[in-house]
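Dear colleague,

I am handing over the structure below, and after it I describe what was found. Please keep it open beside this message while you read.

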Amino acid sequence: MKLTIFDLDHTLLQGDSDSLWCDFLMREGMLAREPFASLNQAMERDYRAGTVDVMAFCQFYVGALAGRSVADWAPWLARFLDEEITPRLPTAARALVKNHLDAGELVVLSTATNRVLAERTAALLGIRHLIATECEVASDGVLSGAVQGVPNMREGKLTRLNEWLAGQGLRLQDCESCFYSDSMNDLPLLLAVDHPVVVDADARLAAEAARR
């Protein structure tokens, strides 16, 4: 079994879904520009540096969805996909995904971005299997603003992948695996696969890749 895993932000997508979503909401008057803009910039900077706290990072962006249901967000998410995400998915990235799918490989999109934001992008790319940070939903169907379970980030990406594979009756060591990523935050999973592929790497990952 050939398993190909793609990171999303700054790998397939030219930009970061969470940051773009926050900018979109602020532009539409759905989020107060301050202090959110400053916090958003700080989160993105620390993520790129590989120093951000995992739960704080994921909680910050999941929190921006609080107080509404997924259905309430649907019209905004559709606009966000059309206006911000689709133009930032290069033809070459789409072709690469298609090549892996056409080869009959098991293709997975694995992202620290929450499922509410990422699932439309996965569908647009034709990727059926998505592993993402999960959002807690209250009994009334409203998003609570809390992360549910293990965030899909750093070591969590490897943990969540192994759990997902087990659910498919597979193990990582039984697959010929490949993972595309840009971020030092993804080093645990890059080291675990057979064929790690560094794409548009941040400075720390570029240095690690050169060293290896």
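**Strands, a helix and ring pairs**

Strand E2 (residues 106-114), helix H6 (residues 115-125) and strand E3 together make a right-handed β-α-β unit, and please bear in mind throughout that this is a predicted model. Strands E2 and E3 (residues 129-137) run parallel and are joined by five bridges; threonine 111, for instance, has alanine 132 in E3 as its bridge partner.

On to the next strand: E3 is also joined to strand E4 (residues 143-148), this time by three bridges and with the two strands running antiparallel, and here glutamate 134 has glutamine 148 in E4 as its bridge partner. The hairpin of E3 and E4 has five residues between the strands, and in this hairpin glycine 141 takes a positive phi near 85°.

Turning to the aromatic rings, the count comes to ten aromatic pairs. One of them is formed by phenylalanine 6 and tyrosine 180, which are stacked at 4.8 Å centre to centre with 10° between the planes. This pair links distant parts of the chain, since phenylalanine 6 lies in strand E1 and tyrosine 180 in strand E5, 174 residues apart, and both residues are buried.

Tryptophan 21 and tryptophan 73 form an edge-to-face pair, with 5.4 Å centre to centre and 70° between the planes; tryptophan 21 belongs to helix H1 and tryptophan 73 to helix H4, 52 residues apart. Finally, the charged end of arginine 68 sits over the ring of tryptophan 73, 5.0 Å from its centre.

Technical notes. Residues numbered from 1 in each chain as written. Predicted model: local features only at pLDDT ≥ 70, side-chain atom pairs only at ≥ 80, totals over all residues. Heavy atoms only, no water. Phe/Tyr/Trp six-rings, centres within 6.5 Å; stacked < 30°, edge-to-face > 60°. Helix = DSSP H or I, 4+ residues; strand = E, 2+ residues; numbered from the N terminus. Buried < 20%, exposed > 50% of the residue type's maximum accessible area, 1.4 Å probe, protein only. Lys NZ or Arg CZ within 6 Å of the ring centre and 35° of its normal. Pairing = 2+ DSSP bridges. Right-handed = clockwise from strand over helix to strand, strands pointing away.
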